[in-house]
Amino acid sequence: MPIDPDVAVGAELPGRELSWDSNDVLLYHLAVGAGELSYAYEEQLCGVLPTFATVATTLRDTDPPAVKMPGVDVDLARVVHGRQEIELHRPIPVSGQCTARARVAAVYDKGSAAVVVTETTTELFTSRISIFVKGEGGFGGDRGPSTRVPVPEREPDAEVLSPTDPRQALWYRLLGDRNPLHVDPVFAARAGFPRPILHGLCTYGMVLKSVVGEEPDRVAGYQARFAGVVFPGETLRTRIWREDGRIVLRATVADRDDAPALSDAVVTLR
């Protein structure tokens, strides 16, 4: 049985000592399209994009990720990133170090698939990753809570277009996500895609940057569901609704009749 919820849920995962410096931060900013001097020049940095938290644990990794943990052992080609959430306990410094502790927080039964939620906690942030494992549902488990974030019933307050580069996945993978889905056409075809797709977390970072401008330290939290794929070279359209203390988002692919990219997305502010 590739997934055994009784074994998986609550299992502790290996901890890691994390460290980074300005080179890592600048590379991350460039990889998510933040090429302005306020993000790409160490003498003028307005801060660190909070989504750097999603790569802080993989910066030195050079092997493809393995979906293997207590009670979980599945083929990488059957896995997609379903949802991402980060909480910022305080702004991430340009250089620093911290200890990461991780666990399997939940396993949900979506019928045709299972969702495995892992949680990583550090002094600076908490990150929750939900992976969608095709073909592993139907075991009679809890479907999990609703994570829907409906957009307001009015026109958006702003709209931002963010072009991606055809080479963007090649840059982003240098941050430690060496999943061949994002570079290898043969692997992408085996996973059911016509060509390699952009990392969902790259889209996630680009969208946040389009929203916060040069005030990254105002972000207290950010969550989103990966509602569709983005191919390198396409343009993201982010619609923004501002509410008291938070920003509700929806990101689509402008080139493909606004096919969904991110949904159920919200940024909470300090």
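Helices (H or I, at least four residues) and strands (E, at least two) are DSSP runs, numbered from the N terminus.

The structure is a predicted model: local features need pLDDT of at least 70 and side-chain atom pairs count only at pLDDT 80 or more, while totals for chains, interfaces and linings use all residues. Residues are numbered from 1 along each chain as its sequence is written, and side-chain values use heavy atoms, with hydrogens and water left out.

## The second largest pocket

A pocket is, on a 1 Å grid over the protein atoms alone, an open set of points with protein on both sides within 12 Å along at least five of seven lines; a cavity is a set of points where a 1.4 Å probe fits but cannot get out, and lining residues have an atom within 4 Å of a point. Grid points are joined across faces, edges and corners, and a volume is the space filled by probe spheres set on the points.

The second largest pocket holds about 570 Å³ of space. Its lining has 24 residues, and those nearest the centre are Arg83, Val115, Ser130, Pro145 and Thr147. Two or more lining residues come from each of strand 4 (79-88), strand 5 (96-109), strand 6 (113-121), strand 7 (125-134) and strand 9 (219-226). Strand 7 gives the largest share of this lining, four residues.

Residues are classed as nonpolar (Ala, Val, Leu, Ile, Met, Phe, Trp, Tyr, Cys and Pro), charged (Asp, Glu, Lys and Arg) or polar (the others, Gly among them). The lining of the second largest pocket has ten nonpolar, six polar and eight charged residues.

## The cavity

One cavity of 30 Å³ or more is found in the whole structure. The largest cavity holds about 30 Å³ of space. Its lining consists of Val48, Pro50, Leu88, Pro91, Ile92, Pro216, Asp217, Val219 and Arg270. By class, seven of these lining residues are nonpolar, none polar and two charged.

## Strand pairing

Two strands count as paired if DSSP finds at least two bridges between them.

| Strand 1 (residues 12-20) and strand 5 | antiparallel, seven bridges | Arg16 and Ala100 |

Strand 5 and strand 6 form a hairpin with three residues between them, and Gly111 in the turn has a positive phi of about 90 degrees. The hairpin of strand 11 and strand 12 has five residues between the strands.

Strand 12 (residues 259-269) is largely enclosed by the rest of the structure, because eight of its eleven residues are buried.

Two residues in this region have a positive phi without being glycine. Asp257, with a phi of about 55 degrees, is in the loop between strand 11 and strand 12. At a relative accessible area of 76%, Asp257 is exposed. Asp264, with a phi of about 50 degrees, is found in strand 12. Asp264 is buried, at 12%.

Arg250 belongs to strand 11 and is partly exposed at 37% relative accessibility. Between Arg250 and Leu262 there are 5.9 Å, C-alpha to C-alpha, although they are twelve residues apart in sequence.

## Rings

Rings of Phe, Tyr and Trp (its six-membered ring) pair if their centres lie within 6.5 Å; planes under 30 degrees apart count as stacked, over 60 as edge-to-face and the rest as tilted. The structure has five aromatic pairs by this rule. One of them is the tilted pair of Tyr204 and Phe226, with 6.2 Å centre to centre and 55 degrees between the planes. This pair links distant parts of the chain, 22 residues apart: Tyr204 is in helix 6 (residues 200-212) and Phe226 in strand 9. Tyr204 counts as buried at 0% relative accessibility, and Phe226 counts as buried at 13%.

Trp20, Tyr28, Phe52 and Tyr172 form one aromatic cluster.

A charge sits over a ring if NZ of Lys or CZ of Arg is within 6 Å of the ring centre and within 35 degrees of the ring normal. Arg195 lies over the face of Phe231 in this way, at 3.9 Å from the ring centre.

Conventions
Buried < 20%, exposed > 50% of the residue type's maximum accessible area, 1.4 Å probe, protein only.
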